[in-house]
Amino acid sequence: MTITPFELLFYAGGLLVLFLTPGPVWVALLARAMSGGFRSAWPLAAGVVVGDVLWPLVAILGVTWLVDQVSWFMDVLRWVAVVMFVGMGVLLIRNADKQLSENSALTRPGMWAGFVAGLAVILANPKAVLFYMGVLPGFFDLTRVTWVDIVLICGLSFLVPLLGNLVLALSVDKVRGVLKSPTALRRINVIAGWLLIGVGVMIGVS
């Protein structure tokens with residue numbers, strides 16, 4: 001094991017901030033929980049877990065191979081991570097008033113439909129692996145990671161969002177009221193945006 005507990009804690013914090021940013025998974029979870037309760041929502045969260053493990057693994061192996069070919073690639077990716085976090089934060093703040101839209105294809109009833117919907121949300125977006133390729137080098141030195149490190153990174157990559165998704169599903173009644181309020185939605189987006197910028201700054205100065 002080459003990564004430190006502080007690095008893992010920092011990464012977990014980054015994942016938490018990303019989870020707090022509303023997106024397609026939020027929309028699907030809220031819609032399913034509102035229509036069928038927690039029983040309808042948890043299979044979708046389970047489907048999302050598959051991609052939350054797969055994409056970081058693909059990114060780590062891909063980045064490691066690229067670094068073997070080009071030694072300076074890690075330094076480039078570190079600053080890519082900074083730009084990505086800061087850019088996402090700025091865009092979120094600029095679009096803080098934008099309402100979430102609902103995709104009915106993700107809200108079909110049934111446990112299997114929920115699992116497949118979660119799988120589709122996370123795997124149908126190949127940009128996710130590019131996102132992790134940009135983000136992970138900002139937290140870890142991927143040229144030194146062992147299989148134990150990879151297991152821990154992938155474990156955190158699904159555990160933090162999974163717990164967040166399950167808590168979101170359980171508290172859907174309160175969250176639904178919040179998301180219906182334009183003022184509260186703007187406040188959530190602005191806070192999440194500044195947190196994303198903060199993570200980017202910390203990566204840049206660390």
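1. Rings of Phe, Tyr and Trp (for Trp, the six-membered ring) count as a pair if their centres lie within 6.5 Å; planes under 30 degrees apart are called stacked, over 60 edge-to-face, and the rest tilted. In this predicted model, Phe 6, Phe 10, Tyr 11, Phe 139 and Phe 140 form one aromatic cluster.

2. Two notes on conventions follow. The model is predicted, so local features need pLDDT of at least 70 and side-chain atom pairs count only at pLDDT 80 or more, while totals for chains, interfaces and linings use all residues. Residues are numbered from 1 along each chain as its sequence is written, and side-chain values use heavy atoms, with hydrogens and water left out.

3. The protein chain has eight helices and zero strands, where helices (H or I, at least four residues) and strands (E, at least two) are DSSP runs numbered from the N terminus. Along the sequence the pattern reads α-α-α-α-α-α-α-α. Of the contacts in the protein chain with a separation of 6 or more, 88% join residues 24 or more positions apart; a contact means heavy atoms within 4.5 Å.

4. The protein chain exposes about 10600 Å², and carbon and sulfur atoms supply 71% of this area. Accessible areas come from the Shrake-Rupley method with a 1.4 Å probe, and for residues only the protein chains shown count as cover. Of the 206 residues, 47% count as buried; buried means under 20% relative accessible area, exposed over 50%, and partly exposed in between (1.4 Å probe, protein chains only).

5. Helix α1 has 15 residues and reaches 21 Å from its first C-alpha to its last, close to the 21 Å expected at 1.5 Å a residue. The expected span is 1.5 Å times one less than the number of residues. Buried residues in α1 include Leu 8, Phe 10, Tyr 11, Leu 15 and Phe 19.

6. On the aromatic side, the pair count comes to five. The ring centres of Phe 139 and Phe 140 are 6.3 Å apart and their planes are at 45°, so this pair is tilted. Both Phe 139 and Phe 140 are buried. Phe 140 lies in the loop between α5 (127-139) and α6, and has a relative accessible area of 2%. Phe 140 and Thr 2 are 138 residues apart in sequence, yet 9.3 Å apart in space, C-alpha to C-alpha.

7. Two residues of helix α6 (residues 147-170) can be set side by side. Asn 165 lies in this helix and counts as buried because its relative accessible area is 3%. Leaving out residues up to four places away in sequence, Asn 165 touches Phe 19, Val 25, Leu 29, Ala 45 and Val 48. Val 167 also lies in α6, but counts as exposed because its relative accessibility is 52%. Val 167 and Trp 42 are 125 residues apart in sequence and 9.9 Å apart in space, C-alpha to C-alpha.

8. Ala 113 is in helix α4 (residues 111-123) and counts as partly exposed, at 26% relative accessibility. Ala 113 and Pro 43 are 70 residues apart in sequence and 8.2 Å apart in space, C-alpha to C-alpha.

9. Leu 20 lies in the loop between α1 (5-19) and α2 (24-69) and is partly exposed, with a relative accessible area of 32%. Leu 16, Leu 20, Ile 191 and Leu 195 make a nonpolar surface patch of about 320 Å². Patches are made of residues with over 30% relative accessible area and no salt bridge, joining like charges within 9 Å and nonpolar side chains (Val, Leu, Ile, Met, Phe, Trp, Tyr) within 5 Å. A salt bridge is a side-chain nitrogen of Lys or Arg within 4 Å of a carboxyl oxygen of Asp or Glu.
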